[in-house]
Amino acid sequence: MPDSLDYLVATHPRLFLTGRPSNSHLSPGWTALVDKLCTDIDQLVSDSEAQTFRVIQIKEKFGGLRFYFSLNEQRTIMLDAVNHGTRIRVEPENPSDQFNSISRLVKTAEATSAATCEVCGEAGRMRVLTGDFSISDKGFFTLNEDKIAQPLPNGWLKCLCEDHVHGAASAWAGHFNPEEDDDE
Ligand SMILES: [Zn+2]
């Protein structure tokens, strides 16, 4: 059975001319969100622009979606600070209008993911898992075979709904409001 990312690649072939992006994972609860993002990008770009469009990487980081792309070899470089869960964005020099339009769509989707349970797609919020646990021993984490959770000094940050935070593991505790990304 294809996973969420395979579904995405098959559904939007014009945006994935080189196939599945490497080192990528799409959480099941965000499939509809990223599917819509790709539909919006697909409608925005011309055929010739689509030839230069690349999805570089899709993943989860600090509980939120990350969608990295390039257009005509322009790309935003983003660094995730491990200690704080904050991001540093380095925009390309003289980005084209089209690059900026796509970038706005991506930022909106990434912001939405931070309030969307990555397991089921229902409304969620950021939680931090503390204590000892094994990813493979938890039902929730077995949905994600890749190492998508990211370590923070005090635990693992994930965006989950009430159902999935309680079903995930007894070690889940409390909630966490990450510092705002410096996206704007
Ligand atoms: Zn959920």
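In what order do the three strands of the open sheet stand, and is their pairing parallel or antiparallel? The order is S1-S2-S3, and the pairing is antiparallel.

## Basis of the description

This is a predicted model, in which local features need pLDDT of at least 70 and side-chain atom pairs count only at pLDDT 80 or more, while totals for chains, interfaces and linings use all residues. Residues are numbered from 1 along each chain as its sequence is written.

Helices (H or I, at least four residues) and strands (E, at least two) are DSSP runs, numbered from the N terminus.

## The sheet

Two strands are said to pair if DSSP finds at least two bridges between them. S1 and S2 form a hairpin with two residues between them, and Phe62 in the turn has a positive phi of about 50 degrees.

Strand S2 (residues 64–71) is also joined to S3, by two bridges, and this pair runs antiparallel. Here Ser70 stands opposite Arg75 in S3. Strands S1 (53–61) and S3 (74–75) are at the edges; each has a single partner strand, so one side of each is left without a neighbour in the sheet.

Ser101 belongs to helix H4 (residues 97–113). Ser101 counts as partly exposed because it has 16 C-beta neighbours inside 10 Å; a residue is buried with 20 or more other C-beta atoms within 10 Å of its own, exposed with 12 or fewer, and partly exposed in between, C-beta atoms being placed from the backbone. Ser101 and Ile41 are 60 residues apart along the chain, and their C-alpha atoms are separated by 8.8 Å.

Helix H1 (residues 4–11) has Leu5, Leu8 and Val9 buried. These three cover an arc of only 95 degrees around the axis, which puts them on the same side of H1; the arc is that of the directions from the helix axis to the C-beta atoms. The buried residues of H1 pack against helix H2 (31–44) and S1.

Ser4, Tyr7, Leu8 and Thr11 in H1 meet Thr31, Val34, Asp35 and Cys38 in H2, contact requiring C-beta atoms, placed from the backbone, within 7 Å. The axes of H1 and H2 are 10 Å apart, at an angle of about 20 degrees. H1 and H2 are therefore roughly parallel to each other, a term for angles under 35 degrees.

Methods. Two residues are in contact if their C-beta atoms, placed from the backbone, lie within 7 Å. Axes are lines fitted to C-alpha atoms, for helices over the stretch in contact, and angles run from 0 to 180 degrees between N-to-C directions. Angles under 35 degrees count as roughly parallel, over 145 as roughly antiparallel, 65 to 115 as roughly perpendicular and the rest as oblique.
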